[in-house]
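The sequence and structure are shown first.

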Amino acid sequence: MKSPFGIALAGLFSTTAYACESCEHPERDVVLTRNVRRMQPDAQNASSLPRAPLSWGQVNFLHTTDTHGWLEGHIKEKNYGADWGDFVTFVRDMRRKADALDVDLLVVDTGDLHDGAGLSDATSPNGELSNPIFENINYDVLTIGNHELYVSAITYEHFYNFSRHYGDRYLTSNVQVYNPNTSTYEYIGKTHRYFSTPKGIRIMSFGVLYDFTGNSNASKVIPAAEMVNQTWFQDALHTHEPIDMFLLIGHNPVRPSVSTSTLDTVFNAIRAVHPNVPIQIFGGHTHIRDFAVYDDKTTALESGRYCETLGWLSMSGLNSSTYTGCANPAGVTNPTMPAIKVNGSSTATGNFTTSNTTSNLLYSRRYLDWNRLTFEYHAAGSQVSTFDSSKGLNVTSNITTTRNELNLTSLYGCAPQTWCITCAPFLSNGSIYTILTKALSATIVNDTRADISRLIVLNTGSVRFDLVKGPFTYDDSFIVSPFTDGFQYIPDVPYDLAVQVLPALDAGPYEKRSVSPALSRRDFGFYNPSIPEQDDCFDPPSTHAQGSLSKRSPGRIVRRETTVTPGYTTTDDFGTDGDDTIHSAIPDYTVPDNFQANASFPTNGTLPDTVDLIFLDYIATDVLTALSGAGASYTIDDVSYYLPNSFTTNSYLPAYAKQAADWQADVPNCPVGLGVGYNDTATA
Ligand SMILES: [Zn+2]
Ligand SMILES: [Zn+2]
């Protein structure tokens, strides 16, 4: 089959850009049925094609953030089935495409490389085997996330190994580490990077972590307000070298109204010296897809999390006397959007020092689903037989080997349906807390007290990711409930008192004040809770394909229907057309701070007089405060471990998977669902 991209490239110098980017659906002209499994052997491929080819400008970016160890891809979710080897190949192809179009492509990452999947978390320190796999991408600039700083051993792995791999491209403008050899704090990477792109754009770049305070004492995070007054930063701003563009990356929310974001502080400091130089921002940490307009020369992209999203940003209109590339590459669409919020009255998003000249800059942004179908679609010359590269295949097979070495595929049972954190109402049939309640009742049992009624209170934040239908493996034990908090208890608490603990914890300030590193490791955010608006260009009648579209795709002909699948539906400052693949919305329900299981209650339906009150060890003092608020006078001396402290929040779900009859029924041939948001709730 002739690839449409072969045609597009052949026509590079003869075709012009099309007027209505969002109305183009060349995919509808071509059958793109592919059945290739170069991802991890057990992964699935997506069935929904991207909405349209990407727009290319003078300078273009691919952006990853918050990958959290998901380099194997989402093996049980078809929308996110590509692995890091597929991404390696895709980056190679996109760099070639940039060369062919005579424009720049920069690849950027904004941190949080571990704590999320077995590939990173099953080693000690975690990231030991996943970081070298990650390093197969030749990023142009990267920065550090808060998850690189909780555990000193991980921080040192980044200092001694990761930062050396990337050299002056690893930017940690406000993060230092204690170097025991010199007895001083040193920057983990570099403070800034001044460089020229291959096509001659002169860039000053910074990498700024939000004002994070949960780090171990091996590192030091300098608050942004302090950093912008430091000599090196002011020197960088006042350099005599010409600067065509600032590239501000940060593990830092891009939405200025998010209180933790410090990007506005850095933005204002740059604007104070350079009122009219374009500033391009890439952020992360809140795990959402987002795009914010700061002023008419500044936009900021955030590209989700967990290898579900690959961010794309292109811009043109940049003034640079040294730029040797093409201003508006031909044969592809070009950016069309000025930096103006489509739904706002003013370009300024916050209390910003904004630029004071008119802007010729035009932008486009897109959030790509992390799957092979997407990568093949957007890669130049992406015929199946040529998509794979030897380097990509090596990375893929290295991931497979590493997963096997770490026993990540070791099977505990089959999750008979998908249970999620927020896509179903709390404690409904599809809610993960429903199955966890059942699992806790069955597995939190001290044999010497098995007959004694018990209440088990857990923080909902002890769960990190949805439990997806299919094999439940050692890997999934890290994905779903990775933390290692032990189970403590107070024996024989009057039931009337014990039942007051859960509502007191939910209502009180207790846990907010005592959020442990384990909990803050969860970061936050799930699906962007935006309601999709109907896209005018969505699903036009088939006759549309007989108009202008067919003229530029002479080789093709059959339209193949693709179904709309559940997934991201994003609203940002440019509107609702940012998602590269059109999805139906996944609901987003709120979840209280805590949930509770019980066990060994009287079989006659009456309530027990007393219970063993069981809770996670790190909230013991909060539980005591809650009990005291209810009129009881327990002390820490009344608290002890209910189970050995080696049995943790990471243990009970594997234990349940091994004993539940419905989880064992199909072992070892577990039926696999399609992913979160698909209706595969068990009927049983
Ligand atoms: Zn994160
Ligand atoms: Zn983070």
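Both faces of strand β10 are covered in this predicted model: Met245, Leu247 and Ile249 are buried on one side, and Phe246 and Leu248 are buried on the other. In a regular strand, side chains alternate between the two faces of the sheet. Five of the five residues of β10, which spans residues 245-249, are buried, so the strand is largely enclosed by the rest of the structure. β10 runs parallel to β8 (residues 202-207), to which five bridges join it, and Ser205 stands opposite Leu247 in β10. Strand β11 (residues 279-283) is also parallel to β10 and is joined to it by four bridges; here Phe246 stands opposite Ile279.

**Two open sheets**

Six strands form an open sheet in the order β4-β3-β2-β1-β14-β15, with mixed pairing. Its edges are β4 (170-171) and β15 (362-369); each has a single partner strand, so one side of each is left without a neighbour in the sheet. Within this sheet, β1 and β14 pair in the antiparallel sense over five bridges, and Met315 of β14 is the bridge partner of Val59. Helix α2 (residues 84-101) lies across β1 and β2 (104-109), at about 150° to β2.

A further open sheet has five strands, ordered β22-β17-β23-β19-β24, again with mixed pairing. The edge positions belong to β22 (594-599) and β24 (640-641), each with a single partner strand, so one side of each is left without a neighbour in the sheet. Strands β17 and β23 are paired in the parallel sense over four bridges, with Ile456 opposite Ile614 in β23. Helix α12 packs on this sheet, touching β17 and β22, and its direction makes about 40° with that of β22.

| Strand pair | Sense | Bridges |
|---|---|---|
| β8 (residues 202-207) and β10 | parallel | five bridges |
| β10 and β11 (residues 279-283) | parallel | four bridges |
| β1 (residues 59-64) and β14 (residues 309-316) | antiparallel | five bridges |
| β17 (residues 454-459) and β23 (residues 610-616) | parallel | four bridges |

**Helix α20 and its surroundings**

Helix α12 also meets helix α20: their axes come within 9 Å and cross at roughly 80°. On the α12 side the contact is made by Ala439, Leu440, Ala442 and Thr443, and on the α20 side by Tyr652, Leu653, Ala655, Tyr656 and Gln659. By class, these comprise seven nonpolar, two polar and no charged residues.

In α20 (residues 652-659), the buried residues are Tyr652, Leu653, Pro654, Tyr656 and Ala657. The elements covering them include β16 (411-415), α12 (432-443), β18 (470-473), α13 (474-480) and α21 (661-664). Ala661 is found in α21 and is exposed, with 7 other C-beta atoms within 10 Å. Ala661 and Cys414 are 247 residues apart in sequence, and their C-alpha atoms are 10.0 Å apart in space.

**Backbone features**

Most residues other than glycine have a negative phi, and most peptide bonds are trans. Cys307, although not a glycine, has a positive phi of about 50°. Cys307 lies in the loop between β13 (298-303) and β14 and counts as buried, with 26 C-beta neighbours inside 10 Å. Leu427 likewise has a positive phi, near 65°. Its place is in the loop between β16 and α12, where Leu427 counts as partly exposed, with 13 C-beta neighbours inside 10 Å.

The peptide bond from Ser124 to Pro125 is cis, with omega near 0°, and Pro125 is located in the loop between α3 (118-121) and α4 (130-134). Val667 and Pro668 are also joined by a cis peptide bond, with omega about 5°; Pro668 is found in the segment after α21.

**The chain as a whole, and confidence**

The protein chain has 21 helices and 24 strands. Of its 684 residues, 54% count as buried. Among contacts between residues at least 6 apart in sequence, 82% join residues at least 24 apart.

The average pLDDT of the chain is 86, and 84% of the residues score at least 70. Over residues 1-37, pLDDT stays under 50, and the model has 68 contacts beyond four places in sequence for this stretch. Residues 510-561 also stay under 50, with 83 such contacts. Where pLDDT is low, the predicted coordinates should not be read in detail.

Note on methods:
Residues are numbered from 1 along each chain as its sequence is written. Chains are lettered from A and ligands numbered from 1 in the order in which they are written. A residue is buried if 20 or more other C-beta atoms lie within 10 Å of its own, exposed if 12 or fewer, and partly exposed in between; C-beta atoms are placed from the backbone. Two residues are in contact if their C-beta atoms, placed from the backbone, lie within 7 Å. pLDDT is the predictor's confidence in each residue, from 0 to 100. Axes are lines fitted to C-alpha atoms, for helices over the stretch in contact, and angles run from 0 to 180 degrees between N-to-C directions. Ala, Val, Leu, Ile, Met, Phe, Trp, Tyr, Cys and Pro count as nonpolar, Asp, Glu, Lys and Arg as charged, and the others, Gly among them, as polar. Two strands pair if DSSP finds at least two bridges between them.
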